[in-house]
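Hi everyone, thanks for making time. Have a look at the model on the screen, and I'll talk you through a few spots.

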Amino acid sequence: MTQQHPNIRMIGLDLDGTVYNNDKVITPGVLRAIRAAIDRGIIVLPATGRPKGGLPEDFMNIPGVRYALTSNGAAVYDLESGKRIIENCIEKELAARIIERMLSFPGLAETYMEGLCYTDQKNYENAQNFAFVPAGLLEYIRRTRIPKADLAAFMRTQEHPAEKLHMIFGDMKVRDQAFSSLRGQFPDFNITSASPFNMEINAPGCDKGSSLLALGKLLGIKRSEIMVCGDSGNDYPMMLAAGFSVAMGNAEDKIKQAADAVTKTNEEDGVAWAIETFALF
């Protein structure tokens with residue numbers, strides 16, 4: 001954890017709970033700050049657990065946004081060329097085995113692959129039963145998921161590996177049981193969460209922090225010149241990796257403790273305050 005914020009050349013921003021408020025809206029104040037940073041020559045990119053196909057258009061349409069870190073760092077894209085420039089995925093047979101274990105727990109099991117999200121048909125049809133999921137997120141799930149009758153079998157037939165495996169729960173006790181079971185069976189994998197009701201599984205060594213540093217190296221940007229903002233468990237590695245890290249006011253305590261600074265909440269334009277204070281000062 002650093003104590004100073006030197007010349008910032010790249011800013012990685014988590015989306016849900018960070019850039020976006022609780023209504024899944026990017027406010028005019030946050031939008032202005034992002035545009036001001038880009039106008040200053042700073043590279044601003046989403047650093048998200050979402051797949052490429054789930055990236056929000058209002059962020060991606062900001063002029064100058066060229067790169068996107070997706071699926072917790074499993075796939076980093078150059079949006080100008082459309083090419084994946086960094087990847088760390090899960091081999092398809094191993095992914096299928098993990099999916100089978102996930103499906104032994106009640107919940108919505110999913111696999112991210114080639115920028116898209118595939119989900120198991122049965123629980124997709126009953127997604128309204130997940131009482132803990134906010135309405136805005138439930139709408140996003142229904143709009144972006146591709147249901148498959150047998151998700152594990154589908155994974156085995158694919159040419160490409162899985163970027164990330166994901167699960168949404170309607171019961172917190174089941175969620176805790178699933179975490180314990182999957183971590184015990186696959187101890188080398190990066191198993192985190194972005195909310196109280198989900199579980200995210202990435203390949204060993206795959207996280208937002210390692211991929212953000214890899215992108216910086218590719219672009220000739222030093223660790224000390226990278227700033228990040230985040231709020232939840234899957235942001236923790238990039239809090240530790242970046243030269244200067246900012247936790248949202250609504251962030252988990254673990255994220256705040258790992259960060260160099262704490263900004264306002266996502267309901268109070270916290271990202272705007274962080275960019276203006278630490279990157280545009």
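I'll go through the cysteines, one isoleucine and the largest pocket.

Quick housekeeping: this is a predicted model, where local features need pLDDT of at least 70, side-chain atom pairs count only at pLDDT 80 or more, and totals for chains, interfaces and linings use all residues. Residues are numbered from 1 along each chain as its sequence is written, and side-chain values use heavy atoms, with hydrogens and water left out.

So, how many disulfides are there in the whole structure? The search finds zero, a disulfide being a pair of cysteine sulfur atoms within 2.5 Å. The closest cysteine sulfur to that of C89 is in C206, and at 7.4 Å that is too far for a bond. C206 is buried, at 1% relative accessibility; buried means under 20% relative accessible area, using a 1.4 Å probe and protein chains only.

Next, I26, which sits in the loop between strand 1 (10-13) and helix 1 (28-39); helices (H or I, at least four residues) and strands (E, at least two) are DSSP runs numbered from the N terminus. I26 is buried too, with a relative accessible area of 10%. Beyond neighbours within four places in sequence, its contacts include Y20, L31 and F59, contact meaning heavy atoms within 4.5 Å.

Finally, which residues lie nearest the centre of the largest pocket? They are D16, K24, L137, A194 and S195, out of 33 lining residues. A pocket here is an open set of points on a 1 Å grid over the protein atoms alone, where a 1.4 Å probe fits, with protein on both sides within 12 Å along at least five of seven lines; lining residues have an atom within 4 Å of a point. Helix 5 gives the most to that lining, with four residues.

Definitions and conventions:
Buried < 20%, exposed > 50% of the residue type's maximum accessible area, 1.4 Å probe, protein only.
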